[in-house]
Amino acid sequence: MILRSFSTILLWGLVALVVYSLKETGAMWILNLCATLTLFEVYTILGRLGYAANRLSGLVTGGCLIPVSYYFEGYGVDVLAIGALFTSAACVLFPQAQRGMYIKRLMPTFFGLLFVSFLLQYFVRILQIGGNENADCFMGFGLFFSLWVVIVAKFSDIGALLIGKAIGRTKMAPSISPGKTIEGLIGGFAASAGIGALLPWLFQEKFTDIVFFGDWIFTPGQGAIWGTLLALSAVIGDLIASVLKRLASMKDSGGAIPGIGGLFDLTDSLILAAPTGYFILFLLR
């Protein structure tokens, strides 16, 4: 627990430093790094399950998706289309003996791209729809809302962990993740609702020079309600990751982060939270 706490503080400290220095651009490159490393780990898990992917083409496509979406708004899907085109067409270059194996690898390749890179790029779309106008404030609403989604989703993990360890008794999904409990789930929902309400209140009532809300209306009550929905999406993403790792007989997706595991162990709760946050933002418009 000590090592996990140290790694968490150090990691989020580095993220905060990059975002503070480079704002939206820094957030995008951190997202791209995390998405690409997560995609690599998902391909590793799929390989252990007997569904090997074409890693090179998948990682190149995934690594280009988020930056292109950021710098050329609306063209992210085109990166997927071009990647699918060249990856599929490449099968004709292989000898007959290897062609069947290559084609079998297309499905897990595209699954990883859609599940990881495509869904996480919704954070970029949040940045773009929310806008980067900041007047005399530190950040625009787009960056604030992206960070709000991340924080709310991760507080679901924190609340579930703390409450689950303290009073957790009723197993939630023993065949998928034996350590998760109903009490922890409720604690995660409460933590997400609480932080979801607290952040908009703080930056609209106390620290008014940090976030430029412009014409956006985002009340603490809305933050609590939508925070609960985000917590649900975070839990589902976590369970999907647990299913994959359990099938592959893996406790962690990797060992890149001491005390935590791999990047997939860190981003699993964000993968479904990103599109959920994007659609919430649409409802707030």
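Mentor: Helices are DSSP runs of H or I with at least four residues, strands are runs of E with at least two, and both are numbered from the N terminus. This is a predicted model, in which local features need pLDDT of at least 70 and side-chain atom pairs count only at pLDDT 80 or more, while totals for chains, interfaces and linings use all residues. Residues are numbered from 1 along each chain as its sequence is written, and side-chain values use heavy atoms, with hydrogens and water left out.

Trainee: Where is Ser 249 placed?

Mentor: Ser 249 sits in the loop between helix 9 (220-247) and helix 10 (263-271). Its phi is near 55 degrees, a positive value in a residue other than glycine.

Trainee: Why is Ser 249 counted as exposed?

Mentor: Buried means under 20% relative accessible area, exposed means over 50%, and partly exposed lies in between (1.4 Å probe, protein chains only). Ser 249 has 65% relative accessibility, so Ser 249 counts as exposed.

Trainee: What is the phi of Lys 23?

Mentor: Phi of Lys 23 is near 55 degrees, again positive in a residue other than glycine. Lys 23 belongs to helix 1. Its relative accessible area is 25%, so Lys 23 is partly exposed.

Trainee: How do you know that Glu 24 has no salt bridge?

Mentor: A salt bridge needs a side-chain nitrogen of Lys or Arg within 4 Å of a carboxyl oxygen of Asp or Glu. For Glu 24, which is buried, the nearest side chain of opposite charge is Lys 23, at 6.4 Å. In this count Lys and Arg are positive, Asp and Glu are negative, and His and the chain ends are left out.

Trainee: What makes Thr 25 partly exposed?

Mentor: Thr 25 has a relative accessible area of 28%, hence the label partly exposed. Thr 25 is also in helix 1, and touches Tyr 70 and Tyr 71, not counting residues up to four places away in sequence. Thr 25 and Leu 143 are 118 residues apart in sequence and 10.0 Å apart in space, C-alpha to C-alpha.

Trainee: Why is Ser 69 called buried?

Mentor: The relative accessible area of Ser 69 is 4%, so Ser 69 is buried. Ser 69 is in helix 2 (residues 55-71). With neighbours within four places in sequence set aside, Ser 69 is in contact with Gly 76, Gln 121, Val 124 and Gln 128.

Trainee: How many disulfides does a search of the whole structure find?

Mentor: The search finds zero. A disulfide is a pair of cysteine sulfur atoms within 2.5 Å. The cysteine sulfur closest to that of Cys 34 is in Cys 64, 17 Å away, so the distance is too far for a bond. Cys 64 is likewise in no disulfide. Its relative accessibility is 37%, so Cys 64 counts as partly exposed.

Trainee: What makes the nonpolar surface patch of about 480 Å²?

Mentor: The patch is made by Ile 151, Phe 155, Ile 158, Leu 162, Ile 163 and Ile 167. Patch residues have over 30% relative accessible area and no salt bridge; like charges are joined within 9 Å, and nonpolar side chains (Val, Leu, Ile, Met, Phe, Trp, Tyr) within 5 Å. Leu 162 has 53% relative accessibility and so counts as exposed. Leu 162 lies in helix 7 (residues 141-167).

Terms used:
Areas by Shrake-Rupley, 256 points an atom, 1.4 Å probe, with all protein chains shown as cover. Contact = heavy atoms within 4.5 Å.
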